[in-house]
Amino acid sequence: MSTSEEVYAASALDPVETQRLVTENVADTSVFDQSIADRARAIIARYPQARSALLPMLHLVQSVEGYVSQAGITFCADQLDLTNAEVSAVATFYTMYKRRPCGEHLVSVCTNTLCAALGGDAIYAKLKDHLGVGHEETAGEPGTPGSITLEHAECLAACDLGPVLQVNYEYFDNQTPDGALDLVKSLQAGEKPQPTRGAPLTDFRQAELQLAGFFEGRDADLDGPSAAPETVRGAKIAAERGWTAPAMPDNAEFPPLPEKK
Ligand code: FES
């Protein structure tokens, strides 16, 4: 098995956290039963090489446990013929892979520059006060009804609709601190408010299953409206007025590529 040093070189984690994820203790993977193994095989079959299936496989294990546990890392490594260190390096690089169990819902508040200036910082502060937790912490017992994991998020690619937040990666646009507080309170009460756009709300684990490519009879979720009117307004005006971009000339010259150093 590869060492924690290899993982640490490829991840943004401190050595203690890295060591936890690549511990050589034998992890109990029994939580990943035959039905999960079957799904893993279905994911792997989508790719020419098994290792290419790692990202959706990590979403699959999160759909089971609500985070990427040591057992989840071992399960992925066994299925994909990778080392625990290789899986850990990937799982610790991307923020969508959680290192602690998440709540029923994951609330991601954009606090990047534009949203922060428009009120994202105030929204985060209001939710932090209400929930009594900080970044990547959970109010309530993780996984139980009404439990909420709060996190800062970097730009969520919806700056024209800021400040925005996401619940289980579905968008709630043009938020205010009071509106966001009402939203979180309704989640805690077991309600599933309709996102501004996208699929109807489920919960974190169900969203993770969808990210792994399994829709469980919810295929209609794929058809949810994804573009906001504000986002496509420019394209709509151009279409109404017959404006088009100049065609690319057949003999267009491209600037030379810089030499590799
Ligand atoms: S800064 Fe918040 S969506 Fe871009």
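Helices (H or I, at least four residues) and strands (E, at least two) are DSSP runs, numbered from the N terminus. The structure is a predicted model, in which local features need pLDDT of at least 70 and side-chain atom pairs count only at pLDDT 80 or more, while totals for chains, interfaces and linings use all residues. Residues are numbered from 1 along each chain as its sequence is written.

**Exercise 1. Two partners of Val-109**

Find which residue is the bridge partner of Val-109 in S3, and which is its bridge partner in S4.

Solution. Begin with the pairing of S1 and S3, which runs in the parallel sense over 6 bridges; here the bridge partner of Val-109 in S3 is His-152. Then turn to S1 (residues 105–110) and S4 (residues 165–167), which pair in the antiparallel sense over 3 bridges, and where the partner of Val-109 in S4 is Leu-165. To complete the account of S3, note that S2 and S3 pair in the antiparallel sense over 3 bridges, and that Glu-137 stands opposite Leu-150 in S3.

**Exercise 2. Cover over the sheet**

Solution. A residue is buried if 20 or more other C-beta atoms lie within 10 Å of its own, exposed if 12 or fewer, and partly exposed in between, with C-beta atoms placed from the backbone. Just after H9, Gly-213 takes a positive phi of about 105°.

**Exercise 3. H3 against H4**

Decide whether H3 is roughly parallel or roughly antiparallel to H4, and list the residues that meet.

Solution. Axes are lines fitted to C-alpha atoms, for helices over the stretch in contact, and angles run from 0 to 180 degrees between N-to-C directions. H3 (residues 34–44) and H4 (residues 54–65) pack at about 160°, with their axes 10 Å apart. H3 is therefore roughly antiparallel to H4, a label given to angles over 145 degrees. Next come the contacts, for which the C-beta atoms of two residues, placed from the backbone, must lie within 7 Å: Ile-36, Arg-39, Ala-40 and Ile-43 in H3 meet Pro-56, Met-57, Leu-60 and Val-64 in H4.

**Exercise 4. H6 and its surroundings**

Work out how many residues of H6 are buried, and which residues make its contact with H5.

Solution. Counting along the helix, 8 of the 8 residues of H6 are buried, so this helix is largely enclosed by the rest of the structure; among them are Asn-84, Glu-86 and Val-90. The axes of H5 and H6 come within 8 Å and cross at roughly 120°. The contact is made by Ile-73, Thr-74, Cys-76 and Ala-77 of H5 and by Asn-84, Val-87, Ser-88 and Ala-91 of H6.

**Exercise 5. Backbone in the loops**

Locate Asp-81, Asn-174 and Pro-163 in their loops, and state whether Asp-81 is buried or exposed.

Solution. Asp-81, in the loop between H5 (70–80) and H6 (84–91), has a phi near 55°, a positive value in a residue other than glycine, and is exposed, with 10 other C-beta atoms within 10 Å. Asn-174, in the loop between S5 and H8, likewise has a positive phi, near 45°, but is partly exposed, with 17 other C-beta atoms within 10 Å. Pro-163 is found in the loop between S3 and S4, and a cis peptide bond, with omega about 0°, joins Gly-162 to Pro-163.

Notes. Parallel < 35°, antiparallel > 145°, perpendicular 65-115°, else oblique. Pairing = 2+ DSSP bridges.
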